[in-house]
Amino acid sequence: MVITMRDPYLMHGGDYNPEQWLAMPEILEQDIDRFLEAGINTVTLGVFSWAKLEPKEGIYDFDWLAERIDKLYEKGISVILATPSGARPHWLAERYPQVLRVDERGKRQLFGGRHNHCLTSPVYREKVGRIDRKLAERFGAHPAVKLWHISNELGGDCHCGLCQAAFRNWLRERYQTIENLNDRWCTTFWSHTYDSFDQVEAPSAIGESSLMALNLDWKRFVTDQTISFVEQEIRAIHEGGSDKPTTVNMMYRFEGLDYGKLAGAVDLVSWDSYPLWHKESEWDTARDTAFWHDVMRGLKKKPFLLMESCPSSTNWQSVSKLKKPGMLEASSLQSIAHGSQGVLYFQMRQSRGASEKFHGAVIDHYGGSDTRTFREVCGVGRMLGKLGELAGCTTGSRVAILYDWDNLWAMKNAQGPRNKGLHYEECVDKSYRALRRLGLNVDIIDQSASLEGYRFAAAPMQYLFRPGFAQKIRSFVETGGTFVMTYWSGVVDENDRCFLGGRPADLTDVFGLRALEIDGLYDEEENAALTLEPEAGRPGWLSFMKERYACKYLCELVSPLGARPLMVYGKDFYAGEPALLRNSCGKGLAYYICADMEQKFYDDLYENLIAEAGITSGWNLEIPEGVEICSRENEDFVYWFVQNYNRYEVKVQLPQGDVIFGDKKGELRPFGSVILRVKKTL
């Protein structure tokens, strides 16, 4: 949902921990002056503040927080208020040791760390719910509070007796009978049949770890238990009288939770982005970061929020690299271009000690306003202050790429065809980069999402098919869509049981082929896909493809069942066998890519497929290499974002419109940007 402020604006600010400075009130006063100077309009309070909010069990001290909220609001600064459940106070672990997590070897953890608590524990849930209600009663109606931040970077699992019992109950509800579970899990293999649900234990390195369905269901259970915990926190907030929207902050490439499901528990998706800028090319990093912005937007197909980013360098990455001049502005604006409602940082003031004392911050230990980082943050503040009309703008897309957590979990645990280097993420990324280079907005969705409204969709390596997914693809193609599927798709069901009767399951007629075998190549091996001559029946546009493309890692062999081969393998015992096929089905087209092709293949193929489907981004001018094009829109205007991720100046021809940020001639300095407002026509 779109967060409603006193006036439409993009949020600018981030995590603030005034409790670290209560003994130095002069610093707290200085902070507000610095915030105003930097154009800060929103801060997040209360993350990891439990020990200050409830120093002893049942003894609450909210006055310091109330004073900060009041003073911030007086200066026009709004608040995202966090629940403190991400780290418990010492008294809680000491009095109730059962709230601490147990690892997969059955060892209970000592006090310390973040998220070292059992989400199943009734005691922990009770204590969290109580302080959440108290916070909502005190601050839930405060006009400064715009959003509830539930916990922090949720993740991890617990193997205690309570969690084991909850997992068994979860399985009983899912499978009803132990006979059904045994059948679905294929437990007759290795004679691991269960006689009752009470025998089931969570996966463990010292126990059962080779039942893939068990491993999958444990991950699903952990997601559901986390969602249950989040929902209980939200109920406590509502019981305290607050109806403000809620969010959880998600993380980059995090595999521990199904974010597609977790997103359904909250009103707004937010995430924490810490790219490794300047490690390789900024262009590669920008495209990777853009993908994850689009993942977050695709979870609800709505604007999201950049909850954390670093204004300088982190302290936890292998190398603490400073952002070069201009990169903070570029990366901040990129999040807005892809659908963020603002730019927030960790952290507002650098902590004086402990783990993140050297993590970048808006205000460092020196505390002055004449640092390079602070000046650049001020620049971002001025920029966002001029772009308030973008608040609430949506992102229109006619193309989608499938990225699914169930599929990811299953494939990485499948034991074959490559146990090291399946390159799933890279395969997805190739499709993404090929579409983005055309200036197209791309939605990243999972298998549970609807395909309605899209005209083109790509499903790289969908090894696992959720129930109903094959029918979605069939309907999409039959009604006129263009669908691209790759090798190693439609292999297993939701329990990692191999489909019988040919793959891709229930879609052999849609794609006009049956997959036979898949060859895992050694890292040093390479094959090639060769474009067939015209007499083989290739579409006219295929003449724009190269004669040869390299392929590596995985090569699938298929038998055509009506599909037309467009490319064939160049060598090995399967030389001459299909490597790319096309099939007509109903009103649409289905393409099947048989091997892990190089990026250039995807670039050329997708340019032709998008033209064939009649899809356009609306940007009809040249897009130079290293320049990213995005658009957002409202009822009246389309806003084009043009960003240069090269280390040299680039000239970009701009269409007619009003330049509301950047050089009006399209002369983009290194890491420079232009935003163009174009009136919609009837």
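I placed S191 in the loop between α7 (178-185) and α8 (212-239), the helices (H or I, at least four residues) and strands (E, at least two) being DSSP runs numbered from the N terminus.

I noted for myself that this is a predicted model, in which local features need pLDDT of at least 70, side-chain atom pairs count only at pLDDT 80 or more, and totals for chains, interfaces and linings use all residues. Residues are numbered from 1 along each chain as its sequence is written, and side-chain values use heavy atoms, with hydrogens and water left out.

I then turned to M461, which has a positive phi of about 50° although it is not a glycine, and which lies in the loop between β11 (456-459) and α15 (469-478). I found M461 to be buried, with a relative accessible area of 0%.

I next checked peptide bonds, and I recorded that the one from F346 to Q347 is cis, with omega near 15°; Q347 sits in the loop between β8 (340-345) and α12 (372-385). I also recorded a cis peptide bond from G416 to P417, with omega near 0°, and I located P417 in the loop between α13 (405-412) and α14 (424-436).

How values were computed: Buried < 20%, exposed > 50% of the residue type's maximum accessible area, 1.4 Å probe, protein only.
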